[in-house]
Amino acid sequence: MSLKTIEWKENKVVMIDQTKLPNELVYVEFTDYNEVANAIKTLVVRGAPAIGVSGAFGLALAALQSKAKTKDELLDDLEKAKKILFETRPTAMNLGWGLEKIMKVARKGNDVSEIKESVINTAKQMAEEDVQTNMSMGKHGSELFENNDNIMTHCNAGALATVAYGTALGVIRATKASGKKIKVIATETRPVQQGSRLTAFELKHDGIDVNLIPDTAVGYTMANGLVNKVIVGADRILRTGHLFNKIGTYQIASMAKQHGIPFYVAAPLSTFDLKSNPDDVIIEQRKASEVTTIGGKRTAPEDIEVINPAFDMTPPELITGIITEVGVAKPPYEESIKKLFTANK
Ligand code: MRU
């Protein structure tokens with residue numbers, strides 16, 4: 001089995017501290033939802049599905065922490081915690097999805113002890129379901145990949161971005177498990193380096209063949225026949241198929257189109273936002289120091305103005321297929337995405 005990124009253990013939230021990877025594999029434990037919020041904000045835990053489950057576990061801690069005597073008081077405490085957890089990161093759909101799923105269960109409960117129990121059980125169940133979802137996604141996705149494929153991936157959409165197994169890397173794991181020989185090309189993913197620190201680490205940890213490239217070598221590797229398919233994860237997918245994912249995804253998709261290389265996305269249904277239009281989506285802007293320093297050392301002049309968006313939008317015409325736990329959506333996406341949802345109501 002792959003690494004386990006986040007877990008509920010004896011009324012505590014246990015997670016891998018991803019800021020320490022790849023040099024140290026360290027687990028941190030939290031008993032306060034404010035610590036979970038801080039962990040999401042500071043990228044101790046990251047990746048859309050992982051922060052969805054972290055939000056749910058955060059609310060489970062908030063329920064345990066609450067001294068409420070009545071249902072209304074407890075719901076008030078949970079709403080306060082939800083707001084703090086929700087405001088940590090704006091782009092990934094799964095965070096709001098996870099929080100709302102828990103709140104729905106809480107609102108249905110009759111009394112304080114029943115709500116506390118159901119909130120904790122639901123959060124634990126969501127974590128278990130995340131792994132099952134990724135494995136189903138892997139099964140559907142693996143059929144799109146062939147023996148000897150060289151597959152590029154960007155950022156980390158692996159076990160470390162989910163509870164375990166991963167979305168894009170889950171498809172890669174399932175392809176390998178089906179007996180096909182594959183090689184992964186992982187982009188470094190500046191400025192936070194989820195590709196070199198996390199994807200390269202987790203694939204090596206699991207014995208999957210991987211080459212690391214600087215982000216600037218995407219064009220070179222495609223032009224020189226070193227890549228024949230791309231697969232990435234998603235932070236949010238709209239009903240039209242517009243994809244929001246790690247900054248740089250749009251460049252890779254455009255370059256793949258230029259070279260006739262299929263570009264796939266793997267994401268659970270919980271990443272889909274069927275209501276928003278592209279302009280409604282908030283792109284998280286991160287601090288300048290991520291760009292002006294490397295390993296704590298300054299690599300840009302003092303006082304330089306920096307633009308540091310964490311995500312970008314890839315239009316649907318650049319996407320070959322979207323792999324979910326219930327099947328693969330192909331263009332035209334408005335129709336195929338609707339079908340996936342109506343067939344699974
Ligand atoms: O800023 P991050 O590391 O949270 O960004 C993560 C990504 O962009 C992933 O590709 C996305 O969340 C999908 S993870 C299965």
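**The ligand site and the backbone**

Modeller: The shell around the ligand divides into seven nonpolar, six polar and four charged residues, where Ala, Val, Leu, Ile, Met, Phe, Trp, Tyr, Cys and Pro count as nonpolar, Asp, Glu, Lys and Arg as charged, and the others, Gly among them, as polar. This is a predicted model, in which local features need pLDDT of at least 70, side-chain atom pairs count only at pLDDT 80 or more, and totals for chains, interfaces and linings use all residues. Residues are numbered from 1 along each chain as its sequence is written, and side-chain values use heavy atoms, with hydrogens and water left out.

Colleague: Which residues come nearest to the ligand?

Modeller: A residue is near a molecule if one of its heavy atoms lies within 4 Å of it. There are 17 residues around the ligand, and those that come nearest are Arg46, Arg89, Asp235, Asn245 and Lys246.

Colleague: How far is a polar side-chain atom of Lys246 from an oxygen atom of the ligand?

Modeller: A polar contact is a pair of N or O atoms within 3.5 Å; within protein, one must be able to donate a hydrogen and the other to accept it, and residues adjacent in sequence count only if both atoms are side-chain atoms. For Arg46, a polar side-chain atom lies 2.8 Å from a ligand oxygen. The distance for Lys246 is 2.7 Å.

Colleague: What share of the ligand's exposed area does the protein bury?

Modeller: Accessible areas come from the Shrake-Rupley method with a 1.4 Å probe, and for residues only the protein chains shown count as cover. Taken alone the ligand exposes 420 Å², and the share buried by the protein is 99%.

Colleague: Which domains each supply at least three residues of the shell?

Modeller: Domain bounds come from an automatic or database domain assignment. The shell draws at least three residues from each of domain 1 (6-134) and domain 2 (136-343).

Colleague: What is omega for the peptide bond from Arg190 to Pro191?

Modeller: Most peptide bonds are trans. The bond from Leu21 to Pro22 is cis, with omega near 10°. The bond from Arg190 to Pro191 is also cis, with omega near 5°.
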